[in-house]
Number of protein chains: 2
Amino acid sequence: MDGEVGIRSAGITPHTVAVRWEDGTAAQFHHVWLRDNCPCTQCRHAEVGERLSVEAGGHLDLTWPDGHRSRFSAAWLAQHAYERDHRVARRPQRTLWDTNRMRTELPEVDFADVMSGDDGLVHWLGLLRRYGFCIVRQMPTADGTVLELARRVGNLRDSNFGLLWQVESRPVPDSLAYTSVKLTAHTDLVSREAQPGLQFLHCLVNDSTGGESILVDGFAVAEELRRTEPAHWVTLTSTPVAFRYQSPDTDVSAAFPVIRLDADGGYYEVRYSNALMAPLAVDHDRVLPFYAAYRAFSELLRDPRFELSFRLGAGDCEVFDNRRVLHGRQEFDPQTGPRHLQGCYVDTDDWLSRLRVLQRTQDFRLR
Amino acid sequence: MDGEVGIRSAGITPHTVAVRWEDGTAAQFHHVWLRDNCPCTQCRHAEVGERLSVEAGGHLDLTWPDGHRSRFSAAWLAQHAYERDHRVARRPQRTLWDTNRMRTELPEVDFADVMSGDDGLVHWLGLLRRYGFCIVRQMPTADGTVLELARRVGNLRDSNFGLLWQVESRPVPDSLAYTSVKLTAHTDLVSREAQPGLQFLHCLVNDSTGGESILVDGFAVAEELRRTEPAHWVTLTSTPVAFRYQSPDTDVSAAFPVIRLDADGGYYEVRYSNALMAPLAVDHDRVLPFYAAYRAFSELLRDPRFELSFRLGAGDCEVFDNRRVLHGRQEFDPQTGPRHLQGCYVDTDDWLSRLRVLQRTQDFRLR
């Protein structure tokens, strides 16, 4: 990226270097920060003295009081300017969505495009980053194909379900007809500290009546809650809720807000699963506000404005960010035909790493 | 635990049931909370009406306005009382330590005791929970034995180093002598969202001069910082610091405070690795306070009062909570003899789950 942006001027204040880029924008960098980030191999965390000289242009050249010289490219500085406006501008762009938007904007790709080259892969991961989900079409329906797709992204995340898990139902002759009830939208593995990032659900066969997939953009619903019930939003972003999963040989628990923000107030994740909530453990005066806020959020998650419902056919795979997009399933009648999905997970660290590396390569290629 | 504690009296207020136990302590439970936590299989999140009757004793029996009856054991209620004092009392007990305390209180166990039965295993995991580390003695020095030990606890955590990794150095004939410098104490895999929990370092051979192990109780050092420099402590518990690991095929990043607290202000983890810190990205007026606080904390981490140094011999394995106890290594001279350690990780969710399940069984057995 060197050379794309130049430094028009740079001045020294007692604690900072003030930089103005050629496009008129500006940023300040503390001396101690600059010295800490000197790109040369020999220095980190050196002391900072009193005199410093500066030359600007395509680079910022600094000479420190001890004679050491540091050279920062203008582009690197622009990428690391640290005031809030700069940080917010660098955030990945998300498109929050409701069912209405999905009528015209459903993100989907073909399996062959994702598997054949980096362009298809980075396009797909970019859609996942933007919308929090993407449907992969025209996949072979062979057992385990979903693992091939997931491994295009990164290592599989193991869980108590195993690396590859089955969601399967077949008609049972001579049994009484029964109905598989609707699963309202939730996130998976809420009781673990790190909920899995990408979830893959690959449809091998879907011949039963009902059973449409449900996806809900948890960040869009959180924004709707903030708009309509700001006090509830504050409650859900600040009340720790414990989730717990217990079995004969497992007892895992994690406590975080249902709507979790990052340090700059951006959405970090949603953690939501009614069945795995542990008894609320907060101060007395936070109990009633929590239940009121939780109920309001739950109602919005089930609102037809946000609950996207669509049918997966054989060869379709829904892939979604389990920490943003909640998933569920409409009621279906297992007696009307077989239904078989295969699923797996990839951690957030791994899929974002893959996207960053691909974008790094793409930037390089474009130059 | 039923029957260990009884309820002396219970009264109903408009929103709560006020319980007094036989030992004189008390707690209040909101109606909505009780109904939400009704232990029967058929109800969750039912509405709460206006009339409720209560009977107390070994159990709290509630009859709801719709006729539904809920029965809570006194012990279960005592375990889930949710006011701050109750929550804090339920926290696992930790012993914060400095080098002085470790002269008389070094936690250690024998490999055979850990491997042979649940008593030895739960004792060992209890020491790890209390001190954040424990040395396992008299291990066979066969390749991969550390994996047997780790699998007594839970699944291995994979990483970019692989499941089993080597720390190995051998004298190189005819080469110029060189020195392997001291590695100051740090935590591992700081750039991943979930730092590994337990770290295992098994010594197969250690014939070189120097190279003593270093362990530092990060929570004890954080407490010392709070005591001596409370403003620095606030800075380090509230400033997000990004860590980043980049290689040709990886680009992983995570941002959390160096000292991270849980929702009740208890210590959650320390995340500290100079080499992997990304450029600080916080508002202008937080930069200088951060550097000052970080420097103070770094100095305390290297203070002989806190930096425990000891020699691992062949057959010793140091096991530590990577998110509490920082680790390092003194300088050593590779020309004086071979040095070979093998290591692996187990996630926090998994080792705490194992401990909870074992304690559940022990409670059961003791009754």
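A search of the whole structure finds 0 disulfides over all chains, a disulfide being a pair of cysteine sulfur atoms within 2.5 Å. This is a predicted model, in which local features need pLDDT of at least 70 and side-chain atom pairs count only at pLDDT 80 or more, while totals for chains, interfaces and linings use all residues. Residues are numbered from 1 along each chain as its sequence is written, chains are lettered from A and ligands numbered from 1 in the order in which they are written, and side-chain values use heavy atoms, with hydrogens and water left out.

**Stop 1: the cysteines**

Select A:Cys344 and A:Cys317. The sulfur of A:Cys344 has its closest cysteine sulfur in A:Cys317, 7.5 Å away, which is too far for a bond. A:Cys344 is buried, at 0% relative accessibility; buried means under 20% relative accessible area, exposed over 50%, and partly exposed in between (1.4 Å probe, protein chains only). In the other chain, select B:Cys38, which is also buried, at 6% relative accessibility.

**Stop 2: the axis**

Display both chains. Chain B is superposed on chain A by a rotation of 180 degrees with 0.0 Å of shift along the axis (RMSD 0.0 Å). The two copies are therefore related as by a two-fold rotation axis. The superposition is by least squares on the C-alpha atoms of residues with pLDDT of at least 70 in both copies. Select B:Ala194: of the residues of chain B, its C-alpha comes closest to the rotation axis, at 3.4 Å.

**Stop 3: the interface**

B:Glu193, B:His284 and B:Asp349 supply 13% of the area that chain B buries against chain A, more than any other three residues.

The interface of chain B and chain A holds 10 salt bridges, each a side-chain nitrogen of Lys or Arg within 4 Å of a carboxyl oxygen of Asp or Glu. Select A:Asp251 and B:Arg360, whose side chains form a salt bridge at 3.5 Å, N to O. Next, select A:Glu193 with B:Arg260, B:Glu269, B:Arg271 and B:Arg323, which are linked in a network of salt bridges.

**Stop 4: salt bridges within a chain**

Over all chains the count comes to 50 salt bridges. Select A:Asp61 and A:Arg71, whose side chains meet at 3.0 Å, N to O, in a salt bridge. A:Asp61 lies in strand E5 (residues 59-63) of chain A and A:Arg71 in strand E6 (residues 69-73) of chain A, so the pair ties together parts 10 residues apart in sequence. Strands (E, at least two residues) and helices (H or I, at least four) are DSSP runs numbered from the N terminus. A:Asp61 is buried at 15% relative accessibility, whereas A:Arg71 is partly exposed at 49%.

Move to A:Arg87 and A:Asp264, which form a salt bridge at 2.7 Å, N to O. This pair links distant parts of the chain, 177 residues apart: A:Arg87 in helix H3 (residues 84-89) of chain A, and A:Asp264 in the loop between strand E16 (259-261) and strand E17 (267-270) of chain A. A:Arg87 is buried, at 11% relative accessibility, and A:Asp264 is partly exposed, at 21%.

Finish at B:Asp251 and B:Arg244, a salt bridge whose closest N and O atoms are 2.9 Å apart. B:Asp251 is buried at 2% relative accessibility, while B:Arg244 is partly exposed at 34%.

Notes: Buried area is the accessible area (1.4 Å probe) that two parts lose on being put together, summed over both.
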